[in-house]
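Subject: Structure handover

Hello,

Here is the structure you asked about. Please open it alongside this email and follow along residue by residue.

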Amino acid sequence: MHKAAISTDSTQRYRKIIETAVDAFIAMDSNSVITDWNQQAEATFGWSRPEVLGKSFSELVIPERYWDAHSESLQRVLATGEGQRIEIIVLHQDKYEFPVELAISPIQWDETFFFAAFVRDVTARKEEQQKLALKVEELARSNADLEVFAYVASHDLQEPLRMVASYTQLLARRYKGELGAEADEFIGFAVDGATRMQQLIQDLLSYSRLTTRGKTPCFTLADASCRTALENLQESIKTSNTLVSVGPLPAVLADPTQLTQLFQNLIGNAIKYRDDKRTPEIHVGAISTENEWIFSVQDNGIGIEPQYFDRIFQMFQRLHTRTEYSGTGIGLAICRRIVERHGGRIWVESEYGRGSRFVFSIPRAERMKK
């Protein structure tokens, strides 16, 4: 009596568990004959519980071309005594196929041995994955097309623009003062426009080549890259009387040329946007976290208002007129692309009128290798 009561209580608990499960539950014996089928299984496959009990799971819901593979899976679970989680194609009562995730395990319940399978319809997930894969493919193709376009257009523009710039500069030198002040002004506009266009094309070429012509990251001494950048900026540092200090910098997994370009752009910007009322000071440093190195280029320049923190990293975004500060508005976009190519982030911290701190991260080498 007591044993029967326990058995009845266990059965009730068992039925409550499987009927409240969010996944379809199917129990079957070692021959794949269905011994149990919950309400969610009815909703998933279309057959009611009485219709399926005693029938072969394989023949009922597995398309014939997968019967052998399903049988092998059951035998493997039986032989190892370990559960498996697989994705398979199954058949609905209405004869259409759909993908499911199936978790199957051998179960010992009282004195009965059976296979317990929890089944989840993953049609929606598969469709989203396919949509995402298509979007990624479209985006990759679009980016590749844009890179090719930018390179070809920029390359093809260089020669005629070089000729325009050369001849307008020749006109400026040869006829300055002979054609009148207005003519001198017009020629000056033409020379300035051609010069700015040349710089814009060079920056566009640099931007488009960041991915296509980037080198494979290798162990790079960030200190050496920073020193090279400072050597390239030596004239600007000297003429602006800028004081530059560099703290200890680590070795990172990076493209050495692009890392130098990154430092050069950030330090060059700090020099350009200095405050003439005080001696320019720039400090380059780095700190370590568990997963990445955090680099910073800090200055005491004119600073940036908070509403522009995101905008400055976009292409062609300028906060000042060309008469105030030269440039094409691509430099920080190049910085962001370099950092993102290395798996990092870049942002700015600034107080208007007191200076800025540009910060970027590069994953630690041991994390990247994983």
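Below is what was found, from the overall picture down to single residues.

**Overall**

Please keep in mind that this is a predicted model. The protein has 12 helices and 12 strands. Of its 370 residues, 38% count as buried. The protein exposes about 22,100 Å². Carbon and sulfur atoms supply 53% of that area. Take the contacts between residues at least 6 apart in sequence: 59% of them join residues at least 24 apart.

Start with β9, which covers residues 281–288. Strand β9 pairs with β7, residues 243–246, in the parallel sense. Four bridges make up that pairing. Strand β9 also pairs with β10, residues 292–299. Here the two strands run antiparallel, and seven bridges join them.

In β9, V284 stands opposite V246. Its bridge partner in β10 is V297.

N300 sits in the loop between β10 and α11 (331–341). Is N300 buried or exposed? N300 counts as buried, because its relative accessibility is 18% and the cut-off for buried is under 20%. The N300 side chain reaches the backbone oxygen of T279 at 3.0 Å. Setting aside neighbours within four places in sequence, N300 is in contact with D275, R278, T279, P280, E281, R354 and G355.

**A116 in β5**

A116 lies in strand β5, residues 112–121. A116 is buried, with a relative accessible area of 8%. Which residues does A116 touch, not counting those up to four places away in sequence? They are F25, I26, A103, I104, S105 and I107. One of these, A103, is 13 residues from A116 along the chain. The C-alpha atoms of A116 and A103 are separated by 8.1 Å.

**Cysteines**

How many disulfides does the structure hold? It holds zero. C226 is buried, at 0% relative accessibility. C218 is partly exposed, at 35%.

**Salt bridges**

Side chains of opposite charge can pair when their charged atoms come close. The structure holds 16 salt bridges.

*D36 and R49.* The side chains of D36 and R49 meet in a salt bridge, at 3.0 Å from N to O. This pair links distant parts of the chain, 13 residues apart. D36 is in strand β2, residues 34–37. R49 is in helix α3, residues 49–52. D36 counts as buried, at 3% relative accessibility. R49 is partly exposed, with a relative accessible area of 27%.

*E87 and K126.* The side chains of E87 and K126 meet in a salt bridge, at 2.6 Å from N to O. This pair also links distant parts of the chain, 39 residues apart. E87 is in strand β3, residues 84–91. K126 is in helix α6, residues 123–175. E87 counts as partly exposed, at 41% relative accessibility. K126 is partly exposed too, with a relative accessible area of 26%. Which residues are linked with E87 and K126 in a network of salt bridges? The network also takes in R85, E101 and R125.

*R141 and E137.* R141 forms a salt bridge with E137. Their closest N and O atoms are 3.6 Å apart. Both residues lie in helix α6. R141 and E137 are four residues apart, about one turn of the helix. R141 is partly exposed, with a relative accessible area of 43%. E137 counts as partly exposed, at 47% relative accessibility.

**Where to look**

- V284 in β9, with V246 opposite and V297 as its partner in β10.
- N300, whose side chain reaches the backbone oxygen of T279.
- A116, which is buried and touches residues including F25 and I26.
- The salt bridge between D36 and R49, with D36 buried and R49 partly exposed.
- The network of R85, E87, E101, R125 and K126.

Best regards

Note on methods. Residues numbered from 1 in each chain as written. Predicted model: local features only at pLDDT ≥ 70, side-chain atom pairs only at ≥ 80, totals over all residues. Heavy atoms only, no water. Pairing = 2+ DSSP bridges. Buried < 20%, exposed > 50% of the residue type's maximum accessible area, 1.4 Å probe, protein only. Contact = heavy atoms within 4.5 Å. Polar contact = N/O pair within 3.5 Å; in protein donor to acceptor, adjacent residues only side chain to side chain. Disulfide = S-S within 2.5 Å. Salt bridge = Lys/Arg side-chain N within 4 Å of Asp/Glu carboxyl O. Areas by Shrake-Rupley, 256 points an atom, 1.4 Å probe, with all protein chains shown as cover.
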